[in-house]
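I opened the notebook on a new model today.

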Amino acid sequence: RDSTDLLHTIALRHGAQRARFGWTEEALRRELEILREEIAAALRRHYEAGAPPEVSAVLDRILSPVDAASLRGLRSTAAASG
């Protein structure tokens, strides 16, 4: 539970920081997409025959709420400063 709360807090702050830098929602989404691509590439390097399908499902289950929290952080900071 503590790690989930910590991950959520970091994601919110990440989005807020990007808003302060003037990033758009589209730019943040692209950054999150690149992060997923890099994690997938690292998994492919680790698993020579390709990562098992369940690894991808677990990764998505972890990153989907992180992406959402980061976007919430960006939106709320942009709205407060806009």
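I took accessible areas from the Shrake-Rupley method with a 1.4 Å probe; for residues, only the protein chains shown count as cover. The accessible surface of the chain came to about 5900 Å², with 57% of it belonging to carbon and sulfur atoms.

I noted that this is a predicted model, where local features need pLDDT of at least 70, side-chain atom pairs count only at pLDDT 80 or more, and totals for chains, interfaces and linings use all residues. Residues are numbered from 1 along each chain as its sequence is written, and side-chain values use heavy atoms, without hydrogens and water.

I looked up the fold. The chain has 3 helices and 0 strands, where helices are DSSP runs (H or I, at least four residues) and strands are E runs of at least two, numbered from the N terminus. I checked burial next: 23% of the 82 residues are buried (buried is under 20% relative accessible area, exposed over 50%, partly exposed in between; 1.4 Å probe, protein chains only).

I turned to α1, residues 2-20. Which residues of α1 are buried? I found Ala11, Gly15, Ala16, Arg18 and Ala19. They fall within an arc of 165° seen down the axis of α1, so they line one face of the helix; the arc is that of the directions from the helix axis to the C-beta atoms. These buried residues pack against α2 (25-46) and α3 (53-81). On the other side of α1, I listed Asp2, Ser3, Leu6, Arg13 and Arg20 as exposed. Gly22 follows α1 and has a positive phi, near 85°.

Definitions and conventions:
Contact = heavy atoms within 4.5 Å.
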